[in-house]
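Me: Please take a close look at one part of this model for me. I would like the contact between two of its chains, with the cut-offs spelled out.

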Number of protein chains: 4
Amino acid sequence: MSRSPTTQTPFSAWKTSITDADDTTIRYRGRDVARLMTEASFSESVFLLHRGRLPTEGERRLIDAILIAVADHGPGSPSAAAARVVATGNRAAPEAAVAAGVLAIGDKHAGAGVACMQLLAEGLQLALSDSLSLDQVAGRIVSAARARGERLPGLGHRVHSTDPRTAVLFNLAREYGLAGDGVALMLAIERAASAHIKPLPINIDGALGAVLHDLGFPPLFAKFVFIIGRVAGLTAQVYEEYTDEKPMRIRIPVTYEGEPPRD
Amino acid sequence: MSRSPTTQTPFSAWKTSITDADDTTIRYRGRDVARLMTEASFSESVFLLHRGRLPTEGERRLIDAILIAVADHGPGSPSAAAARVVATGNRAAPEAAVAAGVLAIGDKHAGAGVACMQLLAEGLQLALSDSLSLDQVAGRIVSAARARGERLPGLGHRVHSTDPRTAVLFNLAREYGLAGDGVALMLAIERAASAHIKPLPINIDGALGAVLHDLGFPPLFAKFVFIIGRVAGLTAQVYEEYTDEKPMRIRIPVTYEGEPPRD
Amino acid sequence: MSRSPTTQTPFSAWKTSITDADDTTIRYRGRDVARLMTEASFSESVFLLHRGRLPTEGERRLIDAILIAVADHGPGSPSAAAARVVATGNRAAPEAAVAAGVLAIGDKHAGAGVACMQLLAEGLQLALSDSLSLDQVAGRIVSAARARGERLPGLGHRVHSTDPRTAVLFNLAREYGLAGDGVALMLAIERAASAHIKPLPINIDGALGAVLHDLGFPPLFAKFVFIIGRVAGLTAQVYEEYTDEKPMRIRIPVTYEGEPPRD
Amino acid sequence: MSRSPTTQTPFSAWKTSITDADDTTIRYRGRDVARLMTEASFSESVFLLHRGRLPTEGERRLIDAILIAVADHGPGSPSAAAARVVATGNRAAPEAAVAAGVLAIGDKHAGAGVACMQLLAEGLQLALSDSLSLDQVAGRIVSAARARGERLPGLGHRVHSTDPRTAVLFNLAREYGLAGDGVALMLAIERAASAHIKPLPINIDGALGAVLHDLGFPPLFAKFVFIIGRVAGLTAQVYEEYTDEKPMRIRIPVTYEGEPPRD
């Protein structure tokens, strides 16, 4: 038995500023978890873990509203469908089914929230640097998308003609004085798209992207908040698959269009 | 181009009792999502999605407390470590890193909650069928585990001598009159284990398992609630890895102990 | 900025007997990868990585045959369907789609190989300890499954009345003198099931489980070899989805059967 | 119980040109799987599934060599480390550990192969359109990367000063007359980088990217072939973790650098 060290590199401890734990306490961002458990809600803790402070009442309500808005959209949405298909073959590892659902939350399914926040940040930067109005910026954004033949992130929905979650979110943001330039530019883009392309109402990705921008979150958080909320729905979908359906019941009909038999 | 139908089976629509969506509304378990967004918290919606009704105040507080309790335990826990390792090689797909974290939530990491709920259900069934006291049942459970050389689920923790989250959860359950036979039997098992093995305080898996049993949840929900809560921490861990660390910075030192060179 | 070490534990290098790498060489099980690249096939390297030695010609051909047999079964199988559904929402991270396909390879989809190998090992142990013939053992196995109302692993297929891969594999094993007690007991189980239940031909899971038993592999390898082979098909499925289909084209029809509107 | 159809959309069967299966046969790209099992190797089937035809001898040997080259790099590489970390918490679902390893194969870990193939395709296009020599193209590529402060894909390795797999692959390609413009441009980039930056030998990602370009594969195949090959190593790593190590043995040392206690 030979024994040669493949890596001599000493190991450096990983650094973190999120959670500290010792023998008898756990702290998130310096706050005692035991106390958070009795005094805070989960959505406040989501905010705390990501921002390093507890939210105000308005911030807390917006995070709650977003998490609820994205929690489920039935078994036919790609994330839930992926979870269900994995669950049909894998009854022993529910975490595998939930993880497959998370993996479907890519650039096309719910990815528009991230793209929207990047678009809003760039647009607002442009308004500032070139002294443009939000309507002017929105006009440029819509023209550029048309010229490239690309879809505008955050507009339109394959199921809803009007996404019922958008108005609720924007109204909540206004109620708490938290609707800012992000929401304003998103609405300007909706107007410009309706004028120059066709009516394309803001969907939940556009709505949460605008609100999260105004709350000061980085673009990636649009995906993270979608995942956190959606996992609630995915677990319910997997549980329903396990309890109401037989293993291997899912069979997708397929038409073969390839080469004919060659031997 | 040949064209032969591989599957003639007609497709049956998937059935669900969780979420309904039409052109302008979305409903979870019959409740309008727009209204939930303004009136409910996320933890209430988690309860609604899984149970079909909104929780009472006490139930809501216990779900919040559990979700907070499991949200993070630092980057060294297997779920966060898996997310971080994937993030070191994959900066373009944060959903991949979060999903890897979910995949670590298996039978050994946080799986004790499920095992605990099964143990409690069986133990309480035995108490009923054989007219035994909870202490008698606990004694049998501990003896059986010792005889098989197995660990008791829900007791002991590799970091904490006393898990700071257990007492908080049990106190909340008592405060709302929601601590029942599950909590009582779990405490009896802790006493029996301390008497016959060694002091093994109830950990968060045991605590949430006992409370969820008394709230009427099925065993699988112990894993689901852990995943929902932990995803909040995993997203924060992935974001910290992306912003504070360079790609491919993680290198695990390795010692090779296998065959010497053979050619 | 406080700075408290959460974990004082020093890090122990991970141990391995599989691969060793230094500045200029890589070795699998002691064999120079540069030389394997010119002298060996991939299936030989799969054998080497798992068994610590290169295969004989017969062993190599059986591994190749098994890997080919399981490589694909069209987009409707749960693993390919899961990969396709994730790919519909995630065009930026093909690894996410492939991983979702791997996650569907659970206890029900392809898990029968593992169950089969365990069943064969137990059955052969019983034949030895109780001096039973393989037909007697097979009879007991079939009776026990009928008594418990359980399906026998490795028999029957939802698409094929006769799995075309089984005979090929058994014939190859016989040709090289590698068919042993595992194959013999599997065939005895097929006979007993046909006599006492209904005609249930050995499927690919049963065939590869029997052959891998006779090659001396542990039960888990039945799942591993399925994953290795199937990943070839999953990558082709994901590529076809990316190139032939539009993002978000997959929509599973759903019927809602839950609570009516409640507000 | 209300019953409202959420989706009226009829289901369209999924189309595929890869695999066809009926009651008694399975065909990959028109070829009988039973015959492939006796006549082909797995690497030939990988080629067939992705290209629609069987490879020539040289093509087959190059695919074998690439699959072997990437199969493993010890437990410290991000893909194997992710698989090991998931395995430490999840002993019941080996597919979860393997999938986590696949998820680490992102843009930074092995993603350079895809980036390389795109770079080579663009560079060769530029050579054609602007009548430049490969050395001129290479010079521009290196200058552009320096100007943007970006790393060149396919050059350098964190473990190897000379990647032992590169020369083997290029020699094999030359031996079979399959080394073309892709290999030539890759070597020109290596020379230009050495002249203007520092010695940066072509690593396995650069080598397989160049060879796969010359074999006519699309860029994504660089990631797919890496995944197919690496899964062989990941399964061996997970098996070693399961058999040689205790559950939950992995503990990453962590230093907390965040906010001090705040309550």
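Reply: Here is the interface between chain A and chain B. This is a predicted model: local features need pLDDT of at least 70, side-chain atom pairs count only at pLDDT 80 or more, and totals for chains, interfaces and linings use all residues. Residues are numbered from 1 along each chain as its sequence is written, chains are lettered from A and ligands numbered from 1 in the order written, and side-chain values use heavy atoms, without hydrogens or water.

Start with the extent. Chain A puts 97 residues in contact with 96 residues of chain B (contact means heavy atoms within 4.5 Å). The buried area between them is about 8200 Å²; that is the accessible area (1.4 Å probe) that two parts lose on being put together, summed over both. Carbon and sulfur atoms give 67% of it. On chain A, W14(A), M37(A) and F42(A) supply 11% of the area that this chain buries against chain B, more than any other three residues.

Chains A and B share 2 salt bridges (a side-chain nitrogen of Lys or Arg within 4 Å of a carboxyl oxygen of Asp or Glu). One salt bridge joins the side chains of E95(A) and K223(B), at 2.8 Å from N to O.

Which helix of chain A gives the largest share of the side that touches chain B? Helix α11 (residues 220-244) does, with 16 residues. Helices here are DSSP runs (H or I, at least four residues), numbered from the N terminus.

Terms used. Helix = DSSP H or I, 4+ residues; strand = E, 2+ residues; numbered from the N terminus.
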